[in-house]
Amino acid sequence: MGYALATEALRRGASVTLVSGPTHLTPPHGATVVKVRSAADMHAAVIERTSGQDVVVMSAAVADYTPAEPVKQKIKKADGPVTITLNRTTDILGELGKLPSRKQGIP
């Protein structure tokens, strides 16, 4: 959905910065693409670039939780239950809502 929205915004003449997690999709020609791997990376990329934007469109939510201790390899099967501790992921849209608007104070 984000790639389709970015494509349409470009078609209508907008300057587009697309912050994208891993995907097989080809970014639309003309967009500035910022590739991220994690929810934390996406949060940082969005917050860092927000002040230079007129509009922010969030087309999909990142995961609500992330593993407290990520592993790089597959967790091998073993007897008994497996416990994975999860931490709440920062709500990017909620954080954007806390930022002061550049239009504040304008009637």
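**Salt bridges and overall build**

Arg 12 pairs up with Glu 8 in a salt bridge, with 2.7 Å between the closest N and O atoms (a salt bridge here is a side-chain nitrogen of Lys or Arg within 4 Å of a carboxyl oxygen of Asp or Glu). This is a predicted model, where local features need pLDDT of at least 70, side-chain atom pairs count only at pLDDT 80 or more, and totals for chains, interfaces and linings use all residues. Residues are numbered from 1 along each chain as its sequence is written, and side-chain values use heavy atoms, leaving out hydrogens and water.

**Salt bridges**
- By that rule, the count is four salt bridges.
- Glu 8 also bridges to Arg 11, at 2.6 Å between the closest N and O atoms, and Glu 8, Arg 11 and Arg 12 form a linked network.
- Lys 98 and Glu 95 make a salt bridge at 3.4 Å, N to O; both sit in helix 3 (residues 92–98), three residues apart, or about one turn.

**Exposure** (buried is under 20% relative accessible area, exposed over 50%, partly exposed in between, with a 1.4 Å probe and protein chains only)
- Arg 12 is exposed at 67%, and so is Arg 11 at 60%, while Glu 8 is partly exposed at 28%.
- Lys 98 is exposed at 64%, and Glu 95 is partly exposed at 28%.
- Buried residues account for 18% of the 107 in the protein.

**Overall size**
- The C-alpha trace spans about 60 × 35 × 20 Å along its principal axes.

Technical notes:
Helices (H or I, at least four residues) and strands (E, at least two) are DSSP runs, numbered from the N terminus.
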